Amino acid sequence: MTLTDYSRIAGLRVTVMGLGLNDGGLSVARFFASRGALVTVTDLKDAKTLEPSIKALAEYPIRFVLGRHEMEDFTNADLVIKNPGVRLDNPFLLASKNIDTDISIFLKFCKATVVAVTGSKGKSTTASAIAHVLNACGKKAFLGGNISVSPLGFLDKATKDDVVVLELSSWQLGDLGSSALLKPKVAVITRIVPDHLDRYGSMEAYIADKRLIYANQDAGDFTIVEHDDWGRSFASETKAQTLWYGKTIPEGTQGAILGADGSGMVYLANGERGCLLPDSIKIPGAHNRNNMLAAGLASLALGLDRKAIASALASFGGVEHRLEVFAEHEGISWCNDSTATVPEAVQAAIAAFNQPIVLISGGTDKQLNFKPVRHAYKNVKALILLAGSGTEKLRILLDEDGTPYFGPYTNLGDALDEARLHAQRGDIVVLSPGCTSFGMFKNEFDRGNSFKSAVMQIIRQ
């Protein structure tokens, strides 16, 4: 089914698969219900767990099927809106006549200029920085997608004069497939590392979905890539103009170079030269300077003034759950990096701080390889492990290397008690798991919020 206008939505039987506690399913249900669709929301979680989301939809005549799925809700639906985390070979989806996503519905109706951001790590920070720069420079921007904000929530607000920044996961891109709906004016690809191999089975399959971000671009668009092997591969395929970022860029090309002092200089074909990223920014980590370079290039590609971009990047405060230094007490700093769900992100977190680190790490495995970063764990003052299948893989390497650790602990409170035994004035305690959160927590955001809540409770004692 192809939706062409809002009037066709009225009366449609729409099944929303997955409500959750973040914005995605909530905005989808609200979007269709407010336009007269007959909405069924179904989720494997029970009503008690989903109570906040259910209350937020109380004004709409929505039918809820919770704690289970019923096949009739899929076979009888005119349209099924799937959660990106659900595979297309799911038996309920296989029985559905028409399947769509919030991203594709949004793109069918969106009149604004679209900037799309994907990658393995840094995409949320980069997308957020782009939106921050645009708004700071007087260009109205909206931010949504994988960052837990459904763009359907601001569809009616975004005009043709505005910019929408979409963070897109490989799953969201894969759901779009060969669709011509996604044609971003600017496509940004952040750092690529192995991820989600439990779902994809290989890097090739994982990256194939990432490549879809620039599949429909043309010579009037821009693809922004890092100067590495993956970036060279992407640049060889895209029909858009390539802008490079990194410590170097290919000779004779356009892009931005990160200097030894942390500043970023831009070099464009029109002869423009100058500072795009100042040497002093608010967020820690060399990897984040790379993210800021990419964000700066995206803003420049949209026509913003270089000096205004540099000023706005200097004021960007970062993103919640991503190297978020949220508290300091008795000389000890506390950092929430819960969205570090791959080992390479832990390595980046360890390198981001100059003071001694008490690291809380570990969790559930998603078929990732800890070997390339195994020695980074030696560079912390104390390593405290949370229990999980990923932790068990990591422990084998730590034991081989003689790297000391404490735990694994089956609850966060015990891990925090251990961290407090080792943290002294001048240290920083960092939660950077390098694994998924499932088992002990609902998701990485629940993990980060639980960590911050527990720390603040300690501070208030």
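1. Basis of the description. The model is predicted, so that local features need pLDDT of at least 70 and side-chain atom pairs count only at pLDDT 80 or more, whereas totals for chains, interfaces and linings use all residues. Residues are numbered from 1 along each chain as its sequence is written, and side-chain values use heavy atoms, with hydrogens and water left out.

2. The sheet of 9 strands. This open sheet has the order β7-β8-β6-β9-β10-β11-β12-β13-β14, and its pairing is mixed. Its edge strands are β7 (141-145) and β14 (273-277), each of which pairs on one side only. Neighbouring strands of the sheet are turned by 20 degrees against each other on average, direction ignored. Strands here are DSSP runs (E, at least two residues), numbered from the N terminus, and two strands pair if DSSP finds at least two bridges between them. The axes behind the angle are lines fitted to C-alpha atoms (for helices over the stretch in contact), and angles run from 0 to 180 degrees between N-to-C directions.

3. Strand β9 and its two partners. Strand β6 (residues 113-118) runs parallel to β9 and is joined to it by 4 bridges; Ala-116 stands opposite Ala-187 in β9. β9 also pairs with strand β10 (residues 222-226), in the parallel sense over 3 bridges, and there the bridge partner of Ala-187 is Thr-223. In a regular strand the side chains alternate between the two faces of the sheet. In β9 (residues 186-189), Val-186 and Val-188 lie on one side and Ala-187 and Ile-189 on the other, and all are buried, that is, under 20% relative accessible area with a 1.4 Å probe and protein chains only (exposed is over 50%, partly exposed in between).

4. The β14 end of the sheet. Strand β13 (residues 264-267) pairs with β14 in the antiparallel sense over 4 bridges. Gly-264 has Leu-277 in β14 as its bridge partner.

5. The sheet of 5 strands. A further open sheet has the order β3-β2-β1-β4-β5, with parallel pairing. β3 (63-66) and β5 (99-100) are the edge strands, each pairing on one side only. Within this sheet, 3 bridges join β1 (residues 13-17) to β4 (residues 79-81), and Val-16 has Ile-81 in β4 as its bridge partner.

6. Helix α11. Helices are DSSP runs (H or I, at least four residues). The 16 residues of α11 (residues 286-301) should span 22 Å at 1.5 Å a residue, and the end C-alpha atoms are 23 Å apart, which agrees; the expected span is 1.5 Å times one less than the number of residues. Of its 16 residues, 14 are buried. Gly-303, which follows α11, has a positive phi, near 95 degrees.

7. Cavities and a pocket. On a 1 Å grid over the protein atoms alone, a cavity is a set of points where a 1.4 Å probe fits but cannot get out; a pocket is an open set with protein on both sides within 12 Å along at least five of seven lines, and lining residues have an atom within 4 Å of a point. There are 3 cavities of 30 Å³ or more. The largest cavity holds about 40 Å³ of space, and its lining includes Thr-125, Asn-288 and Arg-322. The second largest pocket holds about 200 Å³ and is lined by 13 residues, with Asn-22, Ser-148, Glu-320, His-321 and Phe-445 nearest its centre. Volumes are the space filled by probe spheres set on the grid points, which are joined across faces, edges and corners.
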